[in-house]
Amino acid sequence: GDGPSVALTEGSRPLLIQADAYAGRPTPHAWMSPQRTEHYVDQLVKAFSSLDPDGAQTYRANGEAYKLKLRQLDGELRQALDSLPKQQRLLVTCEGAFSYLARDYGLDEAYLWPVNAESEITPRRMARLIDLVRERQVPAVFCESTVSDAAQRQVAEATGARFGGTFYVDSLSSADGPASTLLDLQRHNVKLIRDGLAGGKG
């Protein structure tokens, strides 16, 4: 519609895609990191307060309550990853959607294709990922809900890693599913990472 809009990323510095034909472009998906989502909340509080000054106190209180939940999730993720051997701190996904989360929580990332480029899986890219998973002895690999996980299951089979489950990234689940809100989405993903990489500990 023609209503007011706000850029939630305003004032934040984007990460750039490092490889492939997309190198140098900003990568989206900052909302995948509980730490970075706090910036979105601040932007929303600011925007709503500007549109409705009488409600500013309520927006601020709601924003702080939401950020508290994000910080709890942040603590859960840090605690889960603390005991993980450095070489196994590799988050292997189908799409390169976890750059912010990886950067903020001390993980390396590897993926089958960059942002929204499922058609670009090549034998060379697949072989490179298989070699990396073997070399790092990564216990689990993952995929996202919006794409086919068939190629990633092949990686798991070829390396002895297990398929650790399906992340939600660009879309929520149904209301009764595991990712019906952004917080639930992040909690679901954190649990998969914890159970997959830390072997169910924590």
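Colleague: What pattern does the protein chain follow along the sequence?

Modeller: Reading along the sequence, you get α-α-β-α-β-α-β-α-β-α. Keep in mind that this is a predicted model.

Colleague: How many helices and strands is that?

Modeller: Six helices and four strands.

Colleague: And how much of the protein chain counts as buried?

Modeller: 46% of the 202 residues. The accessible surface is about 10,700 Å². Carbon and sulfur atoms hold 50% of that surface.

Colleague: What share of the contacts comes from residues 24 or more positions apart?

Modeller: 58%, counting contacts with a separation of 6 or more.

Colleague: Okay, strands. How do β1 and β2 run, and how many bridges join them?

Modeller: They run parallel, and five bridges join them. The chain gets from β1 to β2 through α3, and that β-α-β crossover is right-handed.

Colleague: Which residue of β2 is the bridge partner of Leu-90?

Modeller: Asp-108.

Colleague: Is Ser-99 buried or exposed?

Modeller: Buried, because its relative accessibility is 15% and the cut-off for buried is under 20%.

Colleague: Moving on to β3. Is that strand mostly covered or mostly open?

Modeller: Mostly covered. β3 spans residues 140–144, and five of its five residues are buried.

Colleague: Which of them point which way?

Modeller: Ala-140, Phe-142 and Glu-144 point one way. Val-141 and Cys-143 point the other way. In a regular strand, side chains alternate between the two faces of the sheet. Here the residues on either side are all buried.

Colleague: In what sense does β3 pair with β4?

Modeller: Parallel, over four bridges. β4 covers residues 162–167. Glu-144 has Phe-167 as its bridge partner in β4, and Val-141 stands opposite Phe-163.

Colleague: What unit do β3, α5 and β4 make?

Modeller: A β-α-β unit, and it's right-handed. The helix in it, α5, takes in residues 150–159.

Colleague: Stay on α5. Which of its residues are buried?

Modeller: Ala-151, Gln-152, Val-155, Ala-156 and Thr-159. They sit on the same side of α5, because they cover an arc of only 150° around the axis.

Colleague: What covers the buried residues of α5?

Modeller: Several elements, including β1, β2, α4, β3 and β4. β1 is residues 90–95.

Colleague: What happens to the backbone just after α5?

Modeller: Gly-160 takes a positive phi there, about 85°. It is in the loop between α5 and β4.

Colleague: Is Gly-160 buried or exposed?

Modeller: Exposed, because its relative accessibility is 68% and exposed starts over 50%.

Colleague: Which residue has a positive phi although it is not a glycine?

Modeller: Gln-137, with a phi of about 55°. It is found in the loop between α4 and β3. Gln-137 is exposed, with a relative accessible area of 52%.

Colleague: Last stop, Thr-122. Where does it lie?

Modeller: In the loop between β2 and α4. Those are residues 108–113 and 123–136. At 34% relative accessibility, Thr-122 counts as partly exposed.

Colleague: How far apart are Thr-122 and Leu-112 in space?

Modeller: 8.5 Å, C-alpha to C-alpha. In sequence they are 10 residues apart.

Definitions and conventions:
Residues are numbered from 1 along each chain as its sequence is written. This is a predicted model: local features need pLDDT of at least 70, side-chain atom pairs count only at pLDDT 80 or more; totals for chains, interfaces and linings use all residues. Side-chain values use heavy atoms; hydrogens and water are left out. Buried means under 20% relative accessible area, exposed over 50%, partly exposed in between (1.4 Å probe, protein chains only). Helices (H or I, at least four residues) and strands (E, at least two) are DSSP runs, numbered from the N terminus. Two strands pair if DSSP finds at least two bridges between them. A crossover is right-handed if, with the strands pointing away from the viewer, the path from the first strand over the helix to the second runs clockwise. The arc is that of the directions from the helix axis to the C-beta atoms. Contact means heavy atoms within 4.5 Å. Accessible areas come from the Shrake-Rupley method with a 1.4 Å probe; for residues, only the protein chains shown count as cover.
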